[in-house]
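Please work through the following exercises with the sequence and the model side by side, trying each task before reading its solution.

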Amino acid sequence: MGEPLANYKATVSAVRRLHEYKGLSARHLTVSTVGVAPAIERLAREGLPLTLAVSLHAANNDARNELVPLNRRYPLERLYEACVYWVATDVAATELRVGVIDGVNDTDEAIDELAATPARFAPT
């Protein structure tokens, strides 16, 4: 299906139509992204109470660069900022979900690295 936030206008239009004209609760709508950071922030400003699913793939830039080429443009530090912004906008009952890949980034080491991510990216 591709990256929905790469076609931002069509994605938001579809979400609005599903919500407003078809009566689907926006809380039951999920937009999934590999991490187009500026679009995540823009989507947060739309005020749609939807779920944002971020396919993280890896908790470090070296591994993520291999799995998600877009990471070179928006590395984990930038993606983290966008996710913090998403949560801070408090768009109704929004959620932030982070996906992992079975057998690729679900090792104990990868989970520990992911758990340490906020501390790694927090301002000093």
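## Exercise 1: Salt bridges

The side chains of Arg-16 and Glu-46 form a salt bridge, with 2.6 Å from N to O. A salt bridge here is a side-chain nitrogen of Lys or Arg within 4 Å of a carboxyl oxygen of Asp or Glu. This is a predicted model, in which local features need pLDDT of at least 70 and side-chain atom pairs count only at pLDDT 80 or more, while totals for chains, interfaces and linings use all residues. Residues are numbered from 1 along each chain as its sequence is written, and side-chain values use heavy atoms, with hydrogens and water left out.

Task: Describe where the partners Arg-16 and Glu-46 lie, and then find how many salt bridges the structure holds.

Solution, step by step.

1. The pair links distant parts of the chain, since Arg-16 belongs to helix α1 and Glu-46 to helix α2 (residues 37–46), 30 residues apart. Helices (H or I, at least four residues) and strands (E, at least two) are DSSP runs, numbered from the N terminus.
2. Arg-16 counts as partly exposed at 26% relative accessibility, and Glu-46 is likewise partly exposed at 26%. The classes are buried for under 20% relative accessible area, exposed for over 50% and partly exposed in between, with a 1.4 Å probe and protein chains only.
3. The structure holds three salt bridges.

## Exercise 2: A network

Task: Work out which residues are linked in a network of salt bridges.

Solution, step by step.

1. The side chains of Glu-41 and Arg-78 meet at 2.8 Å, N to O, in a salt bridge. Because Glu-41 lies in helix α2 and Arg-78 in helix α4, this pair ties together parts that are 37 residues apart in sequence.
2. Glu-41 is buried, with a relative accessible area of 15%, whereas Arg-78 is partly exposed at 24% relative accessibility.
3. Arg-78 also meets the side chain of Glu-81 in a salt bridge of 3.8 Å, N to O. Glu-81 and Arg-78 are three residues apart in helix α4, so about one helical turn separates them.
4. Glu-81 counts as partly exposed, at 47% relative accessibility.
5. The network therefore consists of Glu-41, Arg-78 and Glu-81, linked by salt bridges.

## Exercise 3: The faces of helix α4

Task: State which residues of α4 are buried, and where they fall when α4 is seen down its axis.

Solution, step by step.

1. Helix α4 covers residues 76–88, and its 13 residues reach 18 Å from the first C-alpha to the last, close to the 18 Å expected at 1.5 Å a residue. The expected span is 1.5 Å times one less than the number of residues.
2. The buried residues of α4 are Leu-76, Leu-79, Ala-82, Cys-83 and Trp-86. Seen down the axis, these buried residues fall within an arc of 120 degrees, so they line one face of the helix; the arc is that of the directions from the helix axis to the C-beta atoms.
3. After α4 comes Asp-90, whose phi is positive, near 50 degrees.

## Exercise 4: The surroundings of Thr-11

Task: Decide whether Thr-11 is buried or exposed, and which residues it touches.

Solution, step by step.

1. Thr-11 lies in helix α1 (residues 8–20) and is buried, with a relative accessible area of 15%.
2. Not counting residues up to four places away in sequence, Thr-11 touches Pro-4, Leu-5 and Val-31, where contact means heavy atoms within 4.5 Å.
3. A polar atom of the Thr-11 side chain lies 2.6 Å from the backbone oxygen of Pro-4.

Conventions:
Polar contact = N/O pair within 3.5 Å; in protein donor to acceptor, adjacent residues only side chain to side chain.
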